[in-house]
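Here's a handful of exercises to work through with the model open in your viewer. Try each task before reading the solution under it.

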Amino acid sequence: MTFKIEKIHHVAYRCKDAKETVEWYKKYLNMDFILAFAEDHVPSTKAFDPYMHVFLDAGNGNVLAFFEVPNQPEMGFDPNTPNWVQHLAMKVKDRDALIAAKKHLEENGIDVVGVTNHGIFHSIYFFDPNGHRMELTYDDITSEEKVSMITEEMKYEMLDEWSRTKRAPAHTQFLHAAELAEAREVAPAGE
């Protein structure tokens, strides 16, 4: 290989209404509106398909973008993928910031799931006005120690085992031990 990815330039999703989306991200996640452009033709394909493309500052050079494409059928989601799978996770400073965000969202009528303990980070989950699942998270103080327990060999063993069995390998169950203790008592692994 003669190249290496430097960073993600931006991540783009579809939105129902560009103005509503910009206002929602500003109001609920304090993200600045940094850029917009619009065309009647798609630059890459040259197809006629009017769009508005908006860009939001997600901190530290990270950019979240949205397209509103009004001439396309109403947006939908893959009906075969659980709604918890596809999501965008954004990092906050610490637990205090996460709790403040959770309170702010809930006070404004947004349903929030969590705080969920992932062992190496803690998260809350909610949906934006377009139906995209969002995650806010902060790193646990023990995350470096726990991540160091997951060796290169272990990562590949897990991947190989999963590929063969399509069952969750037990190598890293220590990460969610606290969060899933009750669930595992009700339905032990393999049942």
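**Exercise 1. The pocket lining**

Task: Find which element gives the most to the lining of the largest pocket, and work out how the lining residues divide by type.

Solution: 
- Start with the elements that give two or more residues to this lining: helix H1 (18-29), strand S4 (63-68) and strand S5 (87-91).
- Of these, S5 comes out on top, giving 4 residues to the lining. Keep in mind that this is a predicted model.
- Next, look toward the middle of the pocket. The lining has 20 residues, and those nearest the centre are Ala58, Gly59, Asn62, Met90 and Lys91.
- Sort the lining by type and you get 14 nonpolar, 4 polar and 2 charged residues.
- As for volume, the largest pocket holds about 500 Å³ of space.

**Exercise 2. Placing Thr137**

Task: Decide whether Thr137 is buried or exposed, and list what Thr137 touches.

Solution: 
- Locate the residue first: Thr137 sits in strand S8, which runs over residues 133-139.
- Check its accessibility. Thr137 has a relative accessibility of 10%, and the cut-off for buried is under 20%, so Thr137 counts as buried.
- Now collect the contacts, skipping residues up to four places away in sequence: Met90, Lys91, Val92, Leu98, Phe121, His122 and Ser123. Two of these names, Met90 and Lys91, also turned up among the residues nearest the pocket centre.
- The Thr137 side chain reaches the backbone oxygen of His122 at 2.9 Å.

**Exercise 3. His104 and its partners**

Task: Which residues does His104 contact, leaving aside neighbours within four places in sequence?

Solution: 
- His104 belongs to helix H2, residues 95-107.
- With a relative accessible area of 29%, His104 falls between the 20% and 50% cut-offs, so it is partly exposed.
- With the sequence neighbours set aside, Lys27 and Tyr28 are in contact with His104.
- Zoom in on Lys27: its backbone oxygen lies 2.9 Å from a polar atom of the His104 side chain.
- His104 and Lys46 are 58 residues apart in sequence, and their C-alpha atoms are 42 Å apart in space.

**Exercise 4. A loop residue**

Task: Say where Val85 lies and how far apart Val85 and Arg133 are in space.

Solution: 
- Val85 is in the loop between S4 and S5.
- Its relative accessibility is 36%, so Val85 counts as partly exposed.
- Along the chain, 48 residues separate Val85 from Arg133, while the C-alpha to C-alpha distance is 8.4 Å.

**Exercise 5. The whole chain**

Solution: 
- Count the elements: 5 helices and 8 strands.
- Box the C-alpha atoms along the principal axes, and the box comes to roughly 55 × 45 × 35 Å.
- Tally burial: 29% of the 191 residues are buried.
- Take contacts between residues at least 6 apart in sequence; 48% of them join residues at least 24 apart.

Definitions and conventions. Residues are numbered from 1 along each chain as its sequence is written. This is a predicted model: local features need pLDDT of at least 70, side-chain atom pairs count only at pLDDT 80 or more; totals for chains, interfaces and linings use all residues. Side-chain values use heavy atoms; hydrogens and water are left out. Buried means under 20% relative accessible area, exposed over 50%, partly exposed in between (1.4 Å probe, protein chains only). A polar contact is a pair of N or O atoms within 3.5 Å; within protein, one must be able to donate a hydrogen and the other to accept it, and residues adjacent in sequence count only if both atoms are side-chain atoms. Contact means heavy atoms within 4.5 Å. On a 1 Å grid over the protein atoms alone, a cavity is a set of points where a 1.4 Å probe fits but cannot get out, and a pocket is an open set with protein on both sides within 12 Å along at least five of seven lines; lining residues have an atom within 4 Å of a point. Grid points are joined across faces, edges and corners, and a volume is the space filled by probe spheres set on the points. Ala, Val, Leu, Ile, Met, Phe, Trp, Tyr, Cys and Pro count as nonpolar, Asp, Glu, Lys and Arg as charged, and the others, Gly among them, as polar.
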